[in-house]
Amino acid sequence: MAELSATHAQFSPGSMEEKWYQALPRKGAFSAIHMPGLRIPFQMPILIGDILLERFSWKQWVLFERTDEATRLKLEFDKGLHTFLTCRILTTVPLSSALEAVHLRQRNSIQNLTSALRLLKEGTIIDPYSSVHYIRQGNQIRREIGTFGRSLIEADLSDKYMLDAKTFKLLPDLLNALSESAITQDPTIGLAIRSFDRSYGYSLEHEEKMAFLFSALEATFGEYRKQNRPKPKVTIGKAAAIVSCSAATAGIADFLDDADKGKKLRNTIAHGSSEPLVGISADADLMLREIIRDGLRCLIIFATRKTALSTQLESLKAGLSLEPAKLAFQTLLGHASTGSATALKIISDIQAPYVH
Amino acid sequence: MFEAGKDSLAHSQIYVHLPYIRLTDPTLEIEYESGLLRSLDYAEWKPLDQEAAHSVRFAFERASPVFFVREASPSHDHETARREMHNLYLALVFSTGAHIPEPGKSISYMKTGRSIFRHVGIFDRTAVLHGPTRLLIDAATIEHATTLVPLIRECSLLLEAPEFRQILRTLTSTATDDFHAIDGIVSCVIALEGLLLKNVLSGITARFIKRTCNLIMGSEKDPANLQISIKTLYSLRSDALHGRDWKQSLSQTSKTDAQWFDYATQVLCRAALATLTSLKNRKDVGVALDELRIILD
């Protein structure tokens with residue numbers, strides 16, 4: 001799914017784009033991947049760790065895109081304020097052959113950035129690899145076209161994600177946490193993150209998104225069925241409410257545990273029932289995603305701090321610090337729900353920066 | 001999304017793209033419903049898509065996309081042609097179990113005099129220019145699929161039932177290039193549950209295995225292992241949905257997740273076909289499905 005072409009850079013003398021182009025490395029390559037849905041508030045590039053985000057003007061985009069395609073989509077591009085994750089590669093890369101090495105180097109950063117943004121607040125960000133990915137070297141360009149290709153440049157996405165100051169401030173810590181071995185080496189946490197991310201699928205129907213969200217819910221908080229939950233056994237609603245950063249914690253427990261609300265919705269989705277859902281809000285997916293967002297973020301940070309918390313965990317239950325992170329987290333939620341001050345303190349310390 | 005453009009071509013013709021499908025031989029032309037399934041020359045496609053088609057000759061010729069091409073007439077308009085292709089698409093999926101998305105996700109054109117109407121799906125032009133290829137077809141593939149089209153037409157009422165709408169949505173959704181194997185397995189099993197397990201509140205797993213096996217046994221190549229295979233599918237679905245590490249369950253089988261996904265799709269297709277065949281004359285769809293479920297116990 002790759003295209004190759006050659007284009008000369010043509011900018012108005014003295015323009016912002018010309019200065020930007022002059023600053024690119026003369027040797028090596030420049031990579032840019034479209035982040036569909038993400039908006040940054042100003043034209044200046046944003047650096048987060050080793051990640052550089054840039055809002056391209058149409059003239060910058062033309063440097064990578066086919067001229068005719070860029071001309072066709074000029075209006076949509078200007079309207080969309082498109083953000084690209086860019087990377088300066090100081091070595092020459094083989095544009096005519098597979099670019100796995102270049103992709104691999106970027107893939108983890110791109111995936112972690114996408115996950116971290118989604119874990120910080122609501123807003124539409126579509127998988128960048130389903131859009132267009134460019135690599136320019138000299139005047140040669142290689143374009144990797146994802147499943148939806150340039151339609152994501154044209155798409156009028158609702159509820160785009162604005163990278164505001166608060167999110168920007170919280171982003172580095174969460175990005176660091178996502179790249180720690182406590183997360184990357186734990187497949188069970190990876191499954192929760194993956195299901196949460198998959199619920200943002202561009203082409204998915206509502207029921208399919210809900211199926212991913214309920215998978216992420218149980219992968220984060222433990223199984224719905226109370227007898228399958230770790231001791232002290234509390235309902236999934238109570239466990240989720242204890243880590244919520246919103247004020248409406250009672251509403252969360254009520255929604256998830258009520259046999260006619262969250263529980264019914266989950267069973268309807270998981271067993272493919274076509275029974276109409278009466279009395280369940282149409283935006284239940286947003287509520288569910290918010291519940292998972294708070295819980296999953298807490299699980300991720302807890303996993304990275306688990307070793308440092310071993311004394312407190314042992315005081316809750318002998319051997320708890322030696323349990324896998326997710327099981328220890330779910331046990332911690334049980335203790336917090338039953339009023340343990342130690343457990344509540346651990347959770348409130350983790351969640352403090354994120355409380356609305 | 002609809003687009004309109006102008007062109008100087010005189011004939012009124014309809015072109016519906018079949019995403020992720022190629023001809024075994026690009027020169028083949030296969031007759032279907034007074035039209036032809038064939039690859040287009042770049043020169044023939046370019047005027048249909050004008051500026052979007054400009055300078056993508058290499059990608060177009062490499063992808064060699066297949067279109068259903070037929071003359072337009074007052075009784076065969078753009079919508080009719082798209083419906084015809086949808087029926088053929090269902091027949092192709094049911095007969096091959098291939099992971100191919102419905103034509104509505106890609107692009108179709110209707111050329112009327114100097115005007116060109118385009119129906120642009122979620123793939124935009126990506127599937128036309130870049131594939132991927134999931135199914136190679138020849139005259140025999142279409143001939144076999146065509147035998148199912150009358151059944152599909154006959155069952156239009158049944159295909160509108162929520163249970164079947166979910167099956168059709170699953171088949172096209174899981175075929176999209178960015179769908180992962182484990183998610184495909186979960187979706188296929190959920191769609192099967194929707195078909196077979198209405199109002200079952202206990203003993204769900206056992207009932208699912210029994211009803212699925214009884215429904216598809218007639219078309220099973222390996223009946224001795226059918227029960228174990230269906231049980232494995234349900235275990236993988238439950239692991240993924242309950243947030244457990246499904247790779248542990250997978251490691252106890254001799255297949256990869258991609259192979260299980262293929263199998264899940266085939267089981268879903270066979271179950272759908274068996275249900276359509278068995279209930280094709282019924283108008284009381286809800287009652288008929290309830291009766292079928294009881295018979296399968």
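Visitor: How do you know which parts to trust and how to read the names?

Guide: Since the model is predicted, local features need pLDDT of at least 70 and side-chain atom pairs count only at pLDDT 80 or more, while totals for chains, interfaces and linings use all residues. Residues are numbered from 1 along each chain as its sequence is written, chains are lettered from A and ligands numbered from 1 in the order in which they are written, and side-chain values use heavy atoms, with hydrogens and water left out.

Visitor: What makes a residue part of the contact between chain B and chain A?

Guide: Contact means heavy atoms within 4.5 Å. By that rule, chain B brings 42 residues and chain A brings 40 residues. On the side of chain B, these residues are 16 nonpolar, 12 polar and 14 charged. Here Ala, Val, Leu, Ile, Met, Phe, Trp, Tyr, Cys and Pro count as nonpolar, Asp, Glu, Lys and Arg as charged, and the others, Gly among them, as polar.

Visitor: What does "bury" mean for chain B and chain A?

Guide: Buried area is the accessible area (1.4 Å probe) that two parts lose on being put together, summed over both. For chain B and chain A that comes to about 3500 Å², with 50% of it on carbon and sulfur atoms. In chain B, the residues that lose the most area to chain A are Ile122(B), His130(B) and Arg169(B), together 17% of what that side buries.

Visitor: Why is the pair Glu207(A) and Arg169(B) called a salt bridge?

Guide: A salt bridge needs a side-chain nitrogen of Lys or Arg within 4 Å of a carboxyl oxygen of Asp or Glu. Glu207(A) and Arg169(B) have N to O at 3.5 Å, so the pair qualifies. Side chains of opposite charge can pair when their charged atoms come close.

Visitor: What makes an empty space a pocket or a cavity?

Guide: Rolling a probe the size of a water molecule over the atoms shows where empty space is left. On a 1 Å grid over the protein atoms alone, a cavity is a set of points where a 1.4 Å probe fits but cannot get out, whereas a pocket is an open set with protein on both sides within 12 Å along at least five of seven lines; lining residues have an atom within 4 Å of a point. Grid points are joined across faces, edges and corners, and a volume is the space filled by probe spheres set on the points.

Visitor: What lies around the largest pocket?

Guide: That pocket holds about 1300 Å³ of space. Its lining has 42 residues, and the closest to its centre are Arg107(A), Gln111(A), Asp127(A), Arg194(A) and His180(B). H5(A) gives the most to this lining, with eight residues. By class, the lining divides into 15 nonpolar, 15 polar and 12 charged residues.

Visitor: And what is the volume of the second largest pocket?

Guide: About 1100 Å³. Its lining has 46 residues, with Arg266(A), Asn267(A), His271(A), Val200(B) and Ile204(B) nearest the centre.

Visitor: How many cavities of 30 Å³ or more are there?

Guide: The search of the whole structure finds three. The largest has a volume of about 90 Å³, and residues from both chains line it, including Arg66(A), Glu69(A), Asp124(B) and His130(B). H4(B) gives the most to that lining, with three residues. The second largest cavity holds about 50 Å³.

Terms used: Helix = DSSP H or I, 4+ residues; strand = E, 2+ residues; numbered from the N terminus.
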